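Please open the structure in your viewer and keep the selection panel at hand. The tour below moves from one selection to the next and says what is to be found at each stop.

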Amino acid sequence: MAQVSSGELDDRVLGRTWTVRLDAAARGTAAVRVSCSRPACLPERLPTAAAGRANAVAHLKAHLKAIAGPRPDAFCVCKAEGCQAHNLSRRDERPERGEPWRCGGPVVLAIVTDREGRWWRAMECCSRCAAATPGAKTVATAPPAPRKGNTADGGGVPAAADRTRAGVAALEDTAVLFSDNANSASSTLRSGDPAPPPPRSGPLPRARAAASASPAAAAPRGAKPWGKIGQRTVPQNLRPDVLRVELIELGDAFRAYQQRAEPDLALLATLHERKARAFALWADVTRTEALREEAERAEKAARTTRAMHANRAHRPTCGDTDATGPQVEWLLTRGQAVHARAVLDHVQDHSPHPEADVRLAVLMLTLRAARAGTGNVTGQDLTGWLAGDAEPVLERLVAGDWLRLSCTVTQALASRPEDAAPFTVPTLLPDRPRPFAFGKTSRSKISGWAQKAVGDRKLRKKKLGPATRLLALYAAAHSRPDGQLGPEQDGGLHLDRLSAFCALPAEKIGEQAELLVAADWFSEADTSQDRLRARLSERVLPLSGLL
């Protein structure tokens, strides 16, 4: 193995590194050449890129078998080579000595490769540099350096041979772990047209199984167990003991979860909650702010996973114990439904005109342009929303500078899906204050949800107007999973709020609700006591806002 030299003084041994490359052998042929940076390794010629890749992985595996794992006193090899992370000077000056604080953690054996799968590099470096290197995969970790005067049997850390076997097991699937774009590698290397590597099938790589095995199994009798969680090694002297044992068990539990054939979000949320509590206590004991931040991230992950589990349950009731209700595929998650209601409130407050047809157009165009202030619209969209009123509504929005079209209104109404009309909403451009906090995926989901509600087949068949469609959309957004409108403690929606959003007199809400009952949007409706009490029909229950 090649030793890397360094010009700076350091008492530790220098790190080791070598590189295995895959290059085209000659023009007009699919053959490739496998070479290693170690002088004793001779280049090999293989007939195809797939065969060359397999040979390169096997060659790298053989190197790992020949070594005794990473050395705890090794000098960070990337620091010795003057990488960008350790070089603090400008490019046009002589490289300066790297700052010691840039390195940290135990010495590891890491493997790096390009996404095209043309080269593999193994290096001996610190865990912090391995984590900062894009695409690096740690396959073995050195044990803590023994204290002076202590001649014990190693303090319970696995032997070097065990660590090496774990690293070799991780390299059993190096082509899959690092060459995730193998087809690109074939197209990059080929001079002719080599066949791509066969698709992967079968069980998970043995690297995961090796990593998930409890490290305590390799500890000598009488020694304290050790383990890792979240890329952190649990200190053997951590107190109290119950915290150290909990962290080790959590690390094993997370690795065991990764081997499951099917996800279990309830179990994963429980693991995140345990991790949040354990890391919070760890932060209190060691007074480390990074551990407290990790605890906060775990707590947030637990909440998110719980929400995902509740959304995937597809139950039409608020309780988690109902096992008799029909299965429902919600169009929105609970978080996306919250964002959808925020958009409705924004449109109500910022619509340039109070008329129902204008507000409906403003709502649908706002959902299209919510992220970047720009979007595309077709004539079929506009006529589907507003029927014969589309042209005057667009002209009013353009005249008031709320909407800017890249073409005339007539051309926009005649545009087709293959040549949609671009538009801009100036108040939603990125240089203005951002009214919404959702991302690209949520924007698409909410826009599709509103399109399904406004363009419902029975609403179109009954030829219901913009005010009725706004009422249907608002009711769906403010319904519970069982279809009932409004919060459970209140029961129903205030007629004044419905009147303000739908641009209808409060006394007209009952008539519009009856139209929605006839269109099978509501299964029942009642407007007594200044509230609309209704229930979404089973047909439109997937549009529920999951209050």
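Begin with helices H16 and H18, whose crossing is right-handed; a crossing is called right-handed if the near helix is turned clockwise from the far one by less than a right angle, and left-handed if anticlockwise. This is a predicted model, in which local features need pLDDT of at least 70 and side-chain atom pairs count only at pLDDT 80 or more, while totals for chains, interfaces and linings use all residues. Residues are numbered from 1 along each chain as its sequence is written, and side-chain values use heavy atoms, with hydrogens and water left out.

**The H16 and H18 pair**

Select residues 440-454 for H16 and 466-477 for H18, which pack at an angle of about 130 degrees with their axes 9 Å apart. Helices (H or I, at least four residues) and strands (E, at least two) are DSSP runs numbered from the N terminus, and axes are lines fitted to C-alpha atoms, for helices over the stretch in contact, with angles running from 0 to 180 degrees between N-to-C directions. H16 and H18 are therefore oblique to each other, given that angles under 35 degrees count as roughly parallel, over 145 as roughly antiparallel, 65 to 115 as roughly perpendicular and the rest as oblique. Now show the side chains of Trp 449, Ala 450, Ala 453 and Val 454 in H16, which meet Arg 469, Leu 473, Ala 476 and Ala 477 in H18; contact here means heavy atoms within 4.5 Å. By class, this contact of H16 with H18 has 7 nonpolar, no polar and 1 charged residues, where Ala, Val, Leu, Ile, Met, Phe, Trp, Tyr, Cys and Pro count as nonpolar, Asp, Glu, Lys and Arg as charged, and the others, Gly among them, as polar.

**From H18 to H20**

On the H18 side, select Thr 468, Leu 471 and Ala 472, and on the H20 side Ile 509, Gln 512, Ala 513, Leu 515 and Leu 516, which together make the contact. The residues of this contact of H18 with H20 divide into 6 nonpolar, 2 polar and no charged.

**H11 and H12**

Turn next to helix H11 (residues 334-350) and helix H12 (residues 356-368), which pack at an angle of about 130 degrees with their axes 10 Å apart. That makes H11 oblique to H12, and their crossing is right-handed. Val 343, Leu 344, His 346, Val 347 and Gln 348 in H11 meet Arg 359, Val 362, Leu 363, Thr 366 and Leu 367 in H12, a contact that by class has 6 nonpolar, 3 polar and 1 charged residues.

**Two backbone stops**

Select Arg 239 and Pro 240, which are joined by a cis peptide bond with omega of about 0 degrees; Pro 240 is found in the loop between strand S10 (232-233) and helix H8 (241-258). Then select Gln 529, which has a positive phi of about 60 degrees although it is not a glycine, and which lies in the loop between strand S15 (522-526) and strand S16 (531-536).
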